Amino acid sequence: MLVFKRLIALSVAGLGSLATTGLAQAGYGQPTPWQMNLQQSASPVMTDIVWFHDFLLWVIAAITLFVLVLLVIIIVRFNSRANPVPSRTTHHTALEVIWTVVPVLILVSIAVPSFRLLFLELKVPPADITVKATGKQWFWSYSYPDAKFEFDSLMLQDKDRKADQPRLLAVDNEMVVPINKVVRLQVVGADVIHSFSIPSFGIKIDAVPGRVNETWFKAEREGMYYGQCSQLCGRDHAFMPIAIRVVKDSEYSAWVDQAKKKYAEGDASGLVAAAAPAAQ
Ligand SMILES: [Cu+2]
């Protein structure tokens, strides 16, 4: 019993200390100190992912508690002191049917929303704009095939970073997309396998050399959204963040006009050559 009391005291103390450090509500687009959950959703897919995650958490918690209760009953009621003469029961048809059917029902209730989510992620709806992201050692290039320009996006060094820009996540040239528009995202690797990931949009897709992977997102909230390369890709893997700025339609068209001039062809290819001197 002393062990139980100590365990309870320990968990109460643990919860208390978590509460006082301020169990952080997860933020949008980037991690927050002491974050305890997924980043907040800014796209329909992520909203479903968050729902599915929470739903599974309840299912898992219920199963774990149920098993714990069974174990405690067995320990208390069926130990050799409390129950010196064990029953010799070996079959119980009703019980066996229940413990087969109930888990099947639980699995079906998980499978249905799981497949629905999978199809939502995989089936790209008719897109408003297309952006192609190319993973390179060790930065990303974004190309807007409709507007015909391409540019490189490199992590900002500490000396170039403004106060409101997050360390290791902010970049020099952000990908810009309009709000509430379906963005078809094509992802490819130029040298090795990278992975394109933005937690708040619920996307993570491998960038494989010689193969175009496709996914989509619809940003439902303006602001900055950050992610990181999520496939170990070499020396500077930790330093090739992804930054997407979501803006109003009018700001987006203004940005496209300006970007067409800024990233006029020729400049971009020069940048690529300069930024990737030695792939390994
Ligand atoms: Cu990487």
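**Close-ups of a copper site and its surroundings**

**View 1. An irregular copper site.** The site of the copper ion is irregular, with angles of 79 to 137° among its 4 donor atoms. Keep in mind that this is a predicted model. Who holds the copper ion? Look for Cys-229 (SG), Gln-231 (O), Cys-233 (SG) and His-237 (ND1), at 2.1 to 2.7 Å. Along the chain, these donors follow the spacing C-x1-Q-x1-C-x3-H.

View 2. Is Cys-229 buried or exposed? Cys-229 has a relative accessible area of 5%, so it counts as buried. Gln-231 has a relative accessible area of 29%, which means it is partly exposed.

**View 3. Tyr-142 and the nonpolar cores.** The largest nonpolar core has 39 residues. Tyr-142 is one of those with the most contacts inside that core, along with Trp-140, Tyr-144, Phe-196 and Phe-201. Another core, of 7 residues, lies apart from the largest one, and Leu-156, Val-171, Tyr-226 and Ala-243 are among its members.

**View 4. Gln-165, a buried loop residue.** Find the loop between strand E3 (149-153) and strand E4 (175-178), and you'll find Gln-165. Its relative accessibility is 13%, so Gln-165 counts as buried. Beyond residues up to four places away in sequence, Gln-165 touches Leu-156, Asp-160, Ala-170 and Glu-174.

View 5. Most residues other than glycine have a negative phi, and most peptide bonds are trans. Which peptide bond is cis here? The one from Gln-137 to Trp-138, with omega near 0°. Trp-138 sits in the loop between strand E1 (129-136) and strand E2 (139-144). Lys-148, in the loop between E2 and E3, isn't a glycine but has a positive phi of about 60°. With 64% relative accessibility, Lys-148 counts as exposed. Trp-34 also has a positive phi, near 60°, and lies in the loop between helix H1 (2-20) and helix H2 (44-77). Its relative accessible area is 53%, so Trp-34 is exposed.

**View 6. Places to read with care.** The chain has a mean pLDDT of 88, and 85% of its residues reach 70 or more. Over residues 268-280, though, pLDDT stays under 50, and residues 18-22 stay under 50 as well. Where pLDDT is low, the predicted coordinates should not be read in detail.

Technical notes
Residues are numbered from 1 along each chain as its sequence is written. This is a predicted model: local features need pLDDT of at least 70, side-chain atom pairs count only at pLDDT 80 or more; totals for chains, interfaces and linings use all residues. Side-chain values use heavy atoms; hydrogens and water are left out. pLDDT is the predictor's confidence in each residue, from 0 to 100. Contact means heavy atoms within 4.5 Å. Donors are N, O and S atoms within 2.8 Å of the metal (3.2 Å for Na, K and Ca); water is not among the atoms, so sites may look incomplete. Four donors count as tetrahedral if all angles lie between 85 and 135 degrees; four count as square planar and six as octahedral if opposite donors are over 155 degrees apart and all others between 65 and 115; anything else is irregular. Buried means under 20% relative accessible area, exposed over 50%, partly exposed in between (1.4 Å probe, protein chains only). A nonpolar core is a set of buried Ala, Val, Leu, Ile, Met, Phe, Trp, Tyr and Cys residues joined through side-chain atoms within 4.5 Å. Helices (H or I, at least four residues) and strands (E, at least two) are DSSP runs, numbered from the N terminus.
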